[in-house]
Amino acid sequence: GEYYYMKAISNDGGGGDNLAVGVTLPDGSILAPIPVSSDDGTDYIYSSAALTPATVPMHGASSCPNCSPGVSYRRWDAISGGQAVADMLADPYYLDNVEGAPTAAELFTDAIESPVNGCDSCGRELSAYFKPPVSGTYVFFLASDDQGALFLGPSEAAAVGIASVPGWTESRQWDKYTEQTSDHQELVAGE
């Protein structure tokens, strides 16, 4: 089947924190946040991370032969600067783990959502592969505190920014900024 690499990041400057991704499916139904698996047994989110948390980024591909349902979560408690995504992306502690491993790394099996109020002045990353159940138009949305960004593409290297939070939102507050919602994404389901 077709798998699309997705990564959500946020940089918290203090106070409450959250990070989650939702989607509107082609039939108009909303998954907010996107569950790893639905009640009817449909798997949406896959991870190539082992059950023992990986400390290196997942490397995307248009297929995911060694994947299982789940979301890779990583947190860095020593991100310098403020609450801007640009600060996090430029920080050597985050960037390719130059300065060391993440403070926390886990494999989540519920949804593409980080713990709420789990840290202060930290950077968080959720990475996974989204497998569309049907071909069609999808719209993704992001909630984060503080600034956040959502990337999507056929691989990690080809993923581009599709949504962002320019300030902060409450947990699961999907509609505070227009930038939180992606443009229409035409995705192809697997055979």
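The dialogue below goes through the fold, the strand pairing and the salt bridges of a predicted model.

Q: Where do I start, and how many helices and strands does the chain have?

A: Start with the count and order of the elements. This chain holds one helix and 12 strands. Read from the N terminus, the order is β-β-β-β-β-β-α-β-β-β-β-β-β.

Q: What share of the residues is buried?

A: Burial is judged by relative accessible area, and a residue under 20% counts as buried. Here 50% of the 191 residues in the chain are buried. The chain exposes about 8,300 Å², and carbon and sulfur atoms supply 50% of that area.

Q: What share of the contacts joins residues at least 24 apart?

A: Take the contacts between residues at least 6 apart in sequence: 71% of them join residues at least 24 apart.

Q: In what order do the strands of the open sheet lie?

A: To read a sheet, follow the pairing from strand to strand. The open sheet has four strands, ordered β3-β2-β9-β12, with antiparallel pairing. Its edge strands are β3 (30-31) and β12 (185-187), each of which pairs on one side only.

Q: How many bridges join β2 to β9?

A: Strand β2 (residues 18-24) and strand β9 (residues 136-145) are antiparallel and joined by seven bridges. Gly-22 stands opposite Phe-141 in β9.

Q: Which way do side chains point along a strand?

A: In a regular strand they alternate between the two faces of the sheet.

Q: What joins β10 to β11?

A: The link is a hairpin of six residues. Strand β10 (residues 148-153) pairs with strand β11 (residues 160-165) in the antiparallel sense, over five bridges. Within that pair, Leu-152 stands opposite Val-160 in β11.

Q: How many salt bridges does a search of the whole structure find?

A: The search finds four. One of the four is formed by Asp-17 and Arg-124, with the closest N and O atoms 3.6 Å apart. Asp-17 is in the loop between β1 (4-11) and β2, while Arg-124 is in strand β8, so this pair ties together parts 107 residues apart in sequence. Both Asp-17 and Arg-124 are buried.

Q: Why does Arg-124 count as buried, and what else does its side chain contact?

A: Arg-124, in strand β8 (residues 123-130), counts as buried because its relative accessibility is 0%. Its side chain makes a polar contact with the side chain of Ser-10 at 2.5 Å. The side chain of Arg-124 also reaches the backbone oxygen of Asp-145, at 2.7 Å.

Q: Is Arg-75 buried or exposed, and which residue does it meet in a salt bridge?

A: Arg-75 counts as buried, at 17% relative accessibility. The side chain of Arg-75 meets that of Asp-77 in a salt bridge of 2.7 Å, N to O. Asp-77 is partly exposed, since its relative accessible area is 35%.

Q: Which parts of the chain does the salt bridge between Arg-172 and Glu-113 tie together?

A: The side chains of Arg-172 and Glu-113 meet at 2.8 Å, N to O. Arg-172 lies in the loop between β11 and β12, and Glu-113 in the loop between β7 (104-108) and β8, so the pair ties together parts that are 59 residues apart in sequence. Arg-172 is partly exposed, at 43% relative accessible area, whereas Glu-113 is buried, at 17%.

Key
Residues numbered from 1 in each chain as written. Predicted model: local features only at pLDDT ≥ 70, side-chain atom pairs only at ≥ 80, totals over all residues. Heavy atoms only, no water. Helix = DSSP H or I, 4+ residues; strand = E, 2+ residues; numbered from the N terminus. Buried < 20%, exposed > 50% of the residue type's maximum accessible area, 1.4 Å probe, protein only. Contact = heavy atoms within 4.5 Å. Areas by Shrake-Rupley, 256 points an atom, 1.4 Å probe, with all protein chains shown as cover. Pairing = 2+ DSSP bridges. Polar contact = N/O pair within 3.5 Å; in protein donor to acceptor, adjacent residues only side chain to side chain.
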